[in-house]
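Please open the model in your viewer and keep the selection panel at hand.

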Number of protein chains: 4
Amino acid sequence: MIVVLKPNISKKDEAAVLKEIKKLGYKPHVMRGVERTVVGAIGDERKNHTLETLTTFSQVETVMPVQKRYKLVSREAHKSNSRITVQGHEIGGKKVQIMAGPCSVESEKQLMTTAHAVKAAGATILRGGAFKPRTSPYEFQGLGEKGLKLLAKARKETGLGIITELLSEQQAEMVAEYSDILQIGARNAQNFQLLIAAAKTGRPVLLKRGLSMKIEEWLLAGEYILANENPNLMFCERGIRTFETYTRNTLDLSTIPIIKKESHCPIVIDPSQGAGRADLVAAMCKGALAMGADALLIEVHPNPAEALSDGAQQLTLEGFAKLMGELQPFIAAAGRE
Amino acid sequence: MIVVLKPNISKKDEAAVLKEIKKLGYKPHVMRGVERTVVGAIGDERKNHTLETLTTFSQVETVMPVQKRYKLVSREAHKSNSRITVQGHEIGGKKVQIMAGPCSVESEKQLMTTAHAVKAAGATILRGGAFKPRTSPYEFQGLGEKGLKLLAKARKETGLGIITELLSEQQAEMVAEYSDILQIGARNAQNFQLLIAAAKTGRPVLLKRGLSMKIEEWLLAGEYILANENPNLMFCERGIRTFETYTRNTLDLSTIPIIKKESHCPIVIDPSQGAGRADLVAAMCKGALAMGADALLIEVHPNPAEALSDGAQQLTLEGFAKLMGELQPFIAAAGRE
Amino acid sequence: MIVVLKPNISKKDEAAVLKEIKKLGYKPHVMRGVERTVVGAIGDERKNHTLETLTTFSQVETVMPVQKRYKLVSREAHKSNSRITVQGHEIGGKKVQIMAGPCSVESEKQLMTTAHAVKAAGATILRGGAFKPRTSPYEFQGLGEKGLKLLAKARKETGLGIITELLSEQQAEMVAEYSDILQIGARNAQNFQLLIAAAKTGRPVLLKRGLSMKIEEWLLAGEYILANENPNLMFCERGIRTFETYTRNTLDLSTIPIIKKESHCPIVIDPSQGAGRADLVAAMCKGALAMGADALLIEVHPNPAEALSDGAQQLTLEGFAKLMGELQPFIAAAGRE
Amino acid sequence: MIVVLKPNISKKDEAAVLKEIKKLGYKPHVMRGVERTVVGAIGDERKNHTLETLTTFSQVETVMPVQKRYKLVSREAHKSNSRITVQGHEIGGKKVQIMAGPCSVESEKQLMTTAHAVKAAGATILRGGAFKPRTSPYEFQGLGEKGLKLLAKARKETGLGIITELLSEQQAEMVAEYSDILQIGARNAQNFQLLIAAAKTGRPVLLKRGLSMKIEEWLLAGEYILANENPNLMFCERGIRTFETYTRNTLDLSTIPIIKKESHCPIVIDPSQGAGRADLVAAMCKGALAMGADALLIEVHPNPAEALSDGAQQLTLEGFAKLMGELQPFIAAAGRE
């Protein structure tokens with residue numbers, strides 16, 4: 001860590017800082033600059049006490065960490081891309097995977113219709129929420145286990161892999177039983193107990209970025225999965241919260257090259273949540289593929305106007321099939337399949 | 001709800017919208033304006049399907065809700081201020097309550113020293129985290145149940161009420177047993193399963209505002225507590241995430257008059273998290289009291305430089321005692337005790 | 001406009017609102033809903049007094065505008081795409097234009113080397129700042145008119161069009177004389193006097209999005225150009241300010257489909273400012289092209305490490321040439337040239 | 001500056017960085033840590049080339065500045081509080097000054113009525129915009145010089161000092177002639193040409209914080225005033241742009257202790273712009289005074305519902321008089337007059 005001292009402090013005040021640095025397990029290394037003295041504190045920042053607490057000393061101006069805080073998810077720890085296989089489909093390999101389906105599982109008919117349609121159009125993984133985290137307690141909360149059973153049935157009928165959201169530690173085993181990938185939603189992205197419970201099921205985990213999560217925090221939340229001995233983690237960008245109100249969220253596509261650079265884990269883009277508007281989904285998908293996304297997560301519904309959740313951002317079955325055709329040139333341009 | 005149609009659409013397209021509005025349970029009321037036609041959809045927005053899904057119709061420009069989405073937490077539902085009594089101390093009444101203590105419970109000595117000191121200075125409620133949600137899995141995660149037992153011991157010795165954070169649904173009963181107020185942290189502010197579990201313990205709940213939570217969403221998260229038959233809810237502003245990096249968060253003190261206006265529940269201010277820097281805490285406290293806060297939640301540690309979490313923002317015991325003296329004139333100016 | 005009244009107000013209070021609506025030039029139209037009464041105020045919102053001031057009446061809950069505030073820049077006003085021709089190169093047509101060059105003009109050698117190199121790689125327009133808006137008064141402020149003369153010389157030597165930033169109303173004529181496109185920077189995006197001065201020169205104007213500018217505000221700033229009788233406006237997204245610090249700004253690529261939908265003016269993407277890091281520029285360019293950008297604005301410098309401004313985000317000459325090759329498949333996939 | 005190298009780089013790559021550091025005018029000082037090598041680059045960061053450009057070297061991980069970039073505005077440069085005298089009233093001294101008046105000057109009657117009323121209630125400085133920066137070109141743009149003349153007349157009649165906004169470099173002399181304080185608005189906070197023109201008039205300057213301006217950037221914009229030999233600068237917080245939409249902006253009251261700590265210049269709070277709602281202004285004023293604001297800038301209008309700009313946030317004359325009474329205890333509690 002780097003500890004910057006205020007200008008013109010006394011020898012005694014400087015000594016007090018050096019003493020505390022040693023006490024906290026680091027070796028101090030003093031550099032006298034033009035205006036300020038800077039102390040390099042040598043030691044492993046991940047194992048030792050943080051020195052940021054030294055800012056409570058009035059003679060300390062700032063403390064700056066030097067090391068990266070994440071380890072297992074980092075590209076340094078694992079040079080090649082991690083690949084995750086789900087029902088025979090590889091995420092993070094050459095082929096781009098398309099995950100599609102309704103926001104919520106609403107009925108057998110709605111789910112089966114959608115499952116067959118997205119499969120026919122080229123999707124390999126079916127999405128659908130059985131437990132829904134809703135802003136208001138008065139909104140539709142999902143079909144629960146009944147929804148999971150419908151997903152399992154759709155898997156059996158179509159051969160699609162299943163991704164569904166996990167909302168509760170207590171349901172981790174149950175949800176894992178019926179699904180192939182556990183989704184951790186944006187609102188739970190720093191619900192560490194849930195992350196640990198998800199990791200322990202052994203199922204692949206898709207970790208959405210929180211609404212106001214810095215990339216470093218997202219990587220560290222992912223670290224909770226790998227540190228709990230589950231290597232099958234994928235990151236999913238779904239838009240961050242900004243001042244802009246035209247779109248529901250601001251989809252941060254720069255996360256694609258950044259995650260590829262910092263981590264070995266696959267990166268998935270969710271343009272439906274990202275835009276919050278069906279009419280922007282196609283352009284978002286094209287951009288995501290061009291930039292190197294490993295998979296897309298797209299909301300599709302037989303009748304969006306009557307969807308029980310997030311209808312405004314869901315594509316129709318026809319809209320999805322048309323989109324799949326339009327995406328081919330961009331997949332090819334990106335050197336993917 | 002208000003449905004705004006695009007200019008110059010056909011009669012047929014307009015009729016299709018009106019038909020869907022009826023199908024979804026509302027009575028449409030057409031108003032023809034200068035450029036656009038607007039449809040008022042009359043019906044209870046909290047009971048009926050949302051019409052926002054109509055934006056998937058290409059002839060619809062926007063849909064605007066008219067009703068407020070929250071009910072039980074609203075000032076309309078309960079005109080007078082709600083008061084919550086904890087160990088004989090009333091939150092939301094004339095007396096301002098001070099909650100103080102360490103970020104984390106670290107040891108018996110650290111906790112007892114702090115408890116006696118904050119009590120002597122005038123605090124009535126002791127804070128201290130036994131389960132800590134940490135950005136990195138390699139950081140101190142709290143003492144767990146051992147920490148809860150120390151808190152209970154401090155209550156017995158000092159008579160202070162206890163507030164501590166609840167992190168996991170599965171621990172709700174256990175944490176409730178040892179404490180007087182359950183704190184829901186910012187990262188779990190939309191972890192609805194945790195909110196429901198907390199509500200069901202019957203203990204008063206302090207709900208921190210999420211890092212990027214709109215006030216409406218915060219009120220709706222609070223609605224989960226009241227809708228689960230727990231009337232003892234208080235809101236706690238602890239800073240939101242913005243572009244500014246000088247402070248850890250941006251403490252939004254405007255929440256004090258806003259929560260007072262929109263809701264009957266008490267509002268608590270956490271200046272320690274809000275600023276992330278001990279040297280700004282005093283000014284923040286003064287502002288909060290002047291604006292009408294019902295309580296303050298302040299981090300205090302015998303030796304902040306060696307604190308196991310968030311040392312940079314914790315006051316020393318002396319600093320806290322000094323602050324308590326400085327706050328008196330502002331409490332008086334605000335007409336409180 | 002839509003005026004929402006509070007529940008249970010008196011007849012007299014309602015009448016006062018209706019009277020004021022009429023006084024301000026609108027025809028009120030009352031709709032009684034389940035909980036609230038809503039008044040549609042019929043009249044042209046762009047010509048009449050806004051009714052948002054009615055929120056100062058205690059019986060009014062909210063006021064919501066219905067009309068779009070922009071007119072001349074809107075797609076409704078001009079169905080087909082506007083095209084702007086600069087030195088024989090069309091922006092907004094089928095061919096994607098590449099604008100490239102150094103952040104600042106630093107010397108004749110630096111500029112000419114860059115100009116020849118970017119032309120050889122396929123750029124058609126040369127960028128370079130002669131007047132630089134710098135966060136600190138102690139940083140390099142640009143070569144001024146000498147820089148403009150170097151740009152004019154580069155145009156003469158290479159045939160490239162010239163884009164350069166206008167900082168001061170007083171210099172509008174001078175800068176227009178030496179350049180083909182006037183750039184309005186993010187920090188001046190709502191400097192309306194500068195916008196008017198730029199419009200009046202008759203030169204095409206590239207309007208960057210302000211750091212925290214909503215899309216509606218950006219379109220309205222563009223409206224200042226068209227309303228001052230200059231039809232040659234292009235919008236340029238260069239990243240917005242968010243909480244994320246990994247990148248300098250968050251490049252909001254959703255602006256491409258949004259501007260295409262709302263406006264007839266071309267949309268240009270600046271990935272250099274958007275990312276603030278040279279290593280992310282290539283991916284950003286690919287995404288922008290896939291999503292339909294009409295042009296890219298890329299910073300290129302013969303020796304970025306010694307650049308006098310923004311070196312961290314500038315590509316080398318070799319890096320730029322390599323990038324141009326990589327972009328071809330994405331241009332083709334987007335159906336452009 | 002601190003240059004952090006990537007782990008495991010070659011001796012040759014390290015040497016290349018050290019060579020470039022020397023070339024750019026710094027003396028490198030190597031520290032070998034546990035995982036990474038860190039180079040302290042010793043030299044004056046404000047005089048030398050920035051080393052942030054070194055991030056274009058692939059072996060460099062990050063570069064961190066150590067010095068503060070602002071100088072003349074800093075508390076280090078001037079230990080005691082600066083005081084600015086306007087028409088005999090001192091800003092930054094013991095007495096809190098109240099600046100009040102309409103958002104826009106609309107007519108002689110409107111202005112004179114307001115001027116007399118705010119003076120009677122205790123204000124010492126009259127605000128009023130003659131040139132208005134409006135989001136849309138179709139909105140009221142102010143009375144221009146006629147408005148300035150009305151302000152001058154109000155000064156003559158009432159003895160109040162005058163603060164009004166400067167929008168254009170070309171009008172700096174004219175606006176300075178009629179007013180006592182030049183206001184630089186949020187949208188022009190980094191319009192450096194305007195800042196320089198304002199500084200050169202010699203009039204005191206009130207610099208509003210830009211909508212998404214970091215505190216460091218705000219201080220550096222202020223540095224443009226002092227570096228142009230005008231010592232009479234005051235900072236004005238008026239709310240920043242965040243994701244929250246309940247308020248127009250998020251008033252960041254933490255700027256009061258921060259500006260006091262970092263700078264010697266007075267700090268003024270504008271609660272009207274900050275909240276954008278008249279019903280929140282009183283609480284904001286109380287908080288601001290408790291936290292140590294030197295002055296308040298409050299919008300007051302004889303008939304807000306019919307104001308030509310920003311009516312929703314303006315107080316009535318009665319509302320302002322009532323507020324002035326309510327503020328007294330908070331001024332006293334803060335040890336001010």
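Two residues are in contact if their C-beta atoms, placed from the backbone, lie within 7 Å. This is a predicted model, in which local features need pLDDT of at least 70, side-chain atom pairs count only at pLDDT 80 or more, and totals for chains, interfaces and linings use all residues. Residues are numbered from 1 along each chain as its sequence is written, while chains are lettered from A and ligands numbered from 1 in the order in which they are written.

Select chains A and B. Here, 40 residues of chain A are in contact with 40 residues of chain B. On the side of chain A that touches chain B, α5 (192–201) and α6 (215–227) each supply at least two residues; helices are DSSP runs (H or I, at least four residues), numbered from the N terminus. The largest share of that side, five residues, comes from α6(A). By residue class, the side of chain A divides into 16 nonpolar, 13 polar and eleven charged. Ala, Val, Leu, Ile, Met, Phe, Trp, Tyr, Cys and Pro count as nonpolar, Asp, Glu, Lys and Arg as charged, and the others, Gly among them, as polar.

Next, select chains D and B. In this pair, 31 residues of chain D are in contact with 31 residues of chain B. On the side of chain D that touches chain B, at least two residues each come from α7 (255–262), α9 (278–290) and α10 (317–333). With seven residues, α9(D) gives the most to that side. The side of chain D comprises 19 nonpolar, eight polar and four charged residues.

Finally, return to chain A, whose domain assignment (bounds from an automatic or database assignment) gives domain 1 (2–64) and domain 2 (84–333). The C-alpha centres of these two domains of chain A lie 45 Å apart.
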